[in-house]
Structure formats: C-alpha cells, structure tokens
Amino acid sequence: MAPALKTARPEANGSVPAPAKSNVPPFTKEEDFSAYSEMLMIRRFEEKAGQMYGMGLIGGFCHLYIGQEAVVVGMQMAQKQGDKVITGYRDHGHMLACGMEAKGVMAELTGRRGGYSHGKGGSMHMFSKEKHFYGGHGIVGGQVPLGAGLAFANQYRGDGTVAVSYFGDGAANQGQVYESFNMAQLWKLPIVFVIENNRYAMGTSVTRSSAQPDFSRRGLSFNIPGEQVDGMDVRAVRAAGAKALEWCRGGNGPMILEMQTYRYRGHSMSDPAKYRSRDEVQKMRDEQDPIEQVRNRLLNEHKAKEDDLKAIDAKVRSVVTEAAEFAQHDPEPDPSELWTDILL
Ligand SMILES: Cc1ncc(C[n+]2csc(CCOP(=O)(O)OP(=O)(O)O)c2C)c(N)n1
Ligand SMILES: [Mg+2]
C-alpha cells in the first residue's frame, strides 16, 4: 500500500507553523554528532563562499543554501552507497553531503584548475561520478527529467539503487516536471522527487505563484504518493527519506517528499530581498534553525560537552579555511583548456 499523505496546511501568508515534535523518531548521540558536523560544514562553507564572493574572488552566479542544511544531510543519512543525486544551482551543500571535497568545490567557485570542473563550470556546474553526484544545473527544473533518466538507468542495470532529484517550489510549477512524473510512474522508476519548498522562487512567494501550495499532492494525478516533511528537522527528513527510498527500492515507483524549509540568504548574491521582512527571516532563525536544534539536543538531551562541540567547530573551520586558501592560490586553467571537455 502507498504510504499515507501527511500534510501541514500553510497559513494565509504562506508561512508554515513549526510542527509538533512528538512523532519524530529520535537520533542516537552519534547520529546527532554526525548530523551536526555535516550541517555545520555546509553552513561554514557557504558563509565563506559568501565572503569570498563579496571580495570579488568568485564570479558569476552563486546561490547559498544556508538554512536548508537539514534537507540534504537528512536525505544523505537515509541513502545507501550508490544512490544518485541531482539538483539545481543551489548545489554546494548537496556536493559536500555527497562526500565531495570542500577544496574542489571552493576551487571551482573561484574558477581554478583544482575545481571539480577544472575551473570551467563554476558554482552551478559541478559533477562527481565517483560520489554519484550528477550536477549542478542552471536550468530551473532541468534536473527532474535528468533525474528520471538516472532512475531509468538504475532500473535498466538492475543495480538496486535509487535516484534522488531535488528541485524547488518554483521549479515544481514547470511542465517538464509533470511529464517526468508521468513517465516515472508509468515505468515505476526508482526516484525520490524532493521538492525543497523554501517558500520563494527568487522574489515570488509560494502563495503568489502556486495554485496548489501543498506540494506533496502534486503527484496525485499520476498516483505518486507524497508527504510533507519538516525540512528544518534532520530527524524528520531522515525518517521520511528512509521510507521513500525503501518504497522506491521495492519496485513501487517514485515518491514525492515536500521538504518545508527556508533560505536565510537572498536568492543569489545579488538579491536585495525586498519581498520579505527581516523579522520573518529572524523568526525562522530563532525558532527553527536546523543546526541549533541539533546543538540543543546534544547539550541538553545527550549531555554532550561544550568542548566536544567546540572541537567539531574548529575542525570544520580548518577544513573550510584550507579550502579557501587553496581556492585562492591554485592556478587558473591553461587557455588551451578552452578546447577540452566540449563537444565540437
Ligand atoms: C528555465 C529557467 N527559467 C527561469 C530561470 C531563472 N530562475 C533561476 S532560479 C529561479 C527561481 C527558482 O525557484 P525555486 O525552484 O523555488 O528554487 P530556489 O531558488 O528557491 O532554490 C528562476 C526563475 C532559469 N534559470 N531557468
Ligand atoms: Mg524556492
């Protein structure tokens, strides 16, 4: 039987109240430590990338993931080795969660030789077949049919792996998404469609753009089950992710997870953010921050020591600092590289 739909209704202004925590399966102390350090790595990396962008060291577009860390970390915790990941342009967190090195990601942002695309792709175009990360795509929604293709390949090879395709609330209004839903269900492709509902597509709020703001129901016409998930709570994400991945791995076809999340920074580095108030952002930070939730649990429930958390902080900072150093000193690609990695 398909997993039941669980939905939380948005309020009139599009905001979603903080969900009750009573039914969330707990993490062990080790799992909370692991989630904490993974999410902190993404946050510190992104803060550094933001600083370096401000200093003119990074060119082109740069979309930060700060605030949404629990989504990708929780999903990654539920995945099995070999499961494939594909996403849009807000992709640095996904790469780090997949195990790609901070150095290679940062060096790609600065356009250097040691970057994952040899300095020729930039923020939105990085890949690692070894880590099962298939980009990094600048075309909104493009990763949805591509993700279905990855799932088709998994099924064709019979390797038992699942594809996870992440896309936004804005992308969810695109036609190609529904063509992909239809084919994915028709062919029972093993794919989890993760809709990262951060409430805005650039400056447009979900309530202004979406006739059906409950994204977990977007697959109903195709008989694709869906669930709304508290995307600020890494435990809720992992639990929903595990259920969806199992559903797909069992040959039942696709599943949709709507992750209710929030981005703290602008859409990209050039966003004046006039479409929402500072208070709205501050309220989310104060009440639902994904990293603070884990930190509080570690200190208050697991009785972790402040020093242990400080040690994680220091380690994360040193990896990010080293990545930033490398990304500033590694040479740019040789001009002859203009003619490599392209189809002529
Ligand atoms: C096909 C296409 N149309 C428009 C754009 C411009 N664009 C870039 S991001 C974006 C908003 C997408 O919002 P959402 O899917 O909610 O993702 P988020 O940025 O919130 O992560 C738009 C319209 C684009 N890159 N590609
Ligand atoms: Mg969005």
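Five strands form an open sheet in the order S1-S2-S3-S7-S6, and the pairing is parallel. Keep in mind that this is a predicted model.

Which strands sit at the edges? They are S1, residues 84-86, and S6, residues 226-230. Each of these edge strands pairs on one side only. The sheet also twists. From one strand to the next, the twist averages 20°.

Now look inside the sheet. Take strand S2, residues 163-168, and strand S3, residues 191-197. How many bridges join S2 to S3? Six, and the two strands run parallel. Val164 has Val192 in S3 as its bridge partner.

Pair one is H5 with H6. Helix H5 covers residues 143-157, and helix H6 covers residues 175-186. Their axes come within 8 Å and cross at roughly 20°. An angle under 35 degrees counts as roughly parallel, so H5 and H6 are roughly parallel to each other. Their crossing is left-handed. Who touches whom? From H5 we have Val144, Pro145, Ala148 and Ala151. They meet Gln176, Val177, Glu179, Ser180, Met183 and Ala184 in H6. Sort the residues of this H5 and H6 contact and you get seven nonpolar, two polar and one charged.

Pair two is H2 with H8. Helix H2 is residues 69-78, and helix H8 is residues 234-249. Their axes lie 7 Å apart, and the packing angle is about 45°. H2 and H8 are therefore oblique to each other. H2 passes H8 in a right-handed crossing. On the H2 side, the contact uses Ala70, Val71, Val73, Gly74, Met75, Met77 and Ala78. On the H8 side, we find Val234, Val237, Arg238, Gly241, Ala242 and Leu245. The residues of this contact between H2 and H8 split into ten nonpolar, two polar and one charged.

Helix H1 spans residues 29-54. H1 and H2 pack at about 135°, with axes 10 Å apart. That angle makes H1 oblique to H2. H1 passes H2 in a right-handed crossing. In H1, look for Ala35, Glu38, Met39, Ile42 and Arg43. They meet Glu69, Ala70, Val73 and Met77 in H2. What is the make-up of the H1 and H2 contact? Six residues are nonpolar, none is polar, and three are charged.

Notice something about H2. Ala70, Val73 and Met77 are listed in its contact with H8. Ala70, Val73 and Met77 are also listed in its contact with H1.

Last stop: the ligand. How many residues surround ligand 1? There are 14. The closest are Val140, Gly168, Gly170, Ala171 and Ala201. And the shell around ligand 1 is made of six nonpolar, five polar and three charged residues.

Conventions:
Residues numbered from 1 in each chain as written. Chains lettered and ligands numbered in written order. Predicted model: local features only at pLDDT ≥ 70, side-chain atom pairs only at ≥ 80, totals over all residues. Axes fitted to C-alpha atoms, helices over the stretch in contact; angles between N-to-C directions. Helix = DSSP H or I, 4+ residues; strand = E, 2+ residues; numbered from the N terminus. Parallel < 35°, antiparallel > 145°, perpendicular 65-115°, else oblique. Left-handed = near helix turned anticlockwise from the far one by under 90°. Contact = placed C-beta atoms within 7 Å. Nonpolar A, V, L, I, M, F, W, Y, C, P; charged D, E, K, R; others polar. Near = placed C-beta within 6 Å. Pairing = 2+ DSSP bridges.
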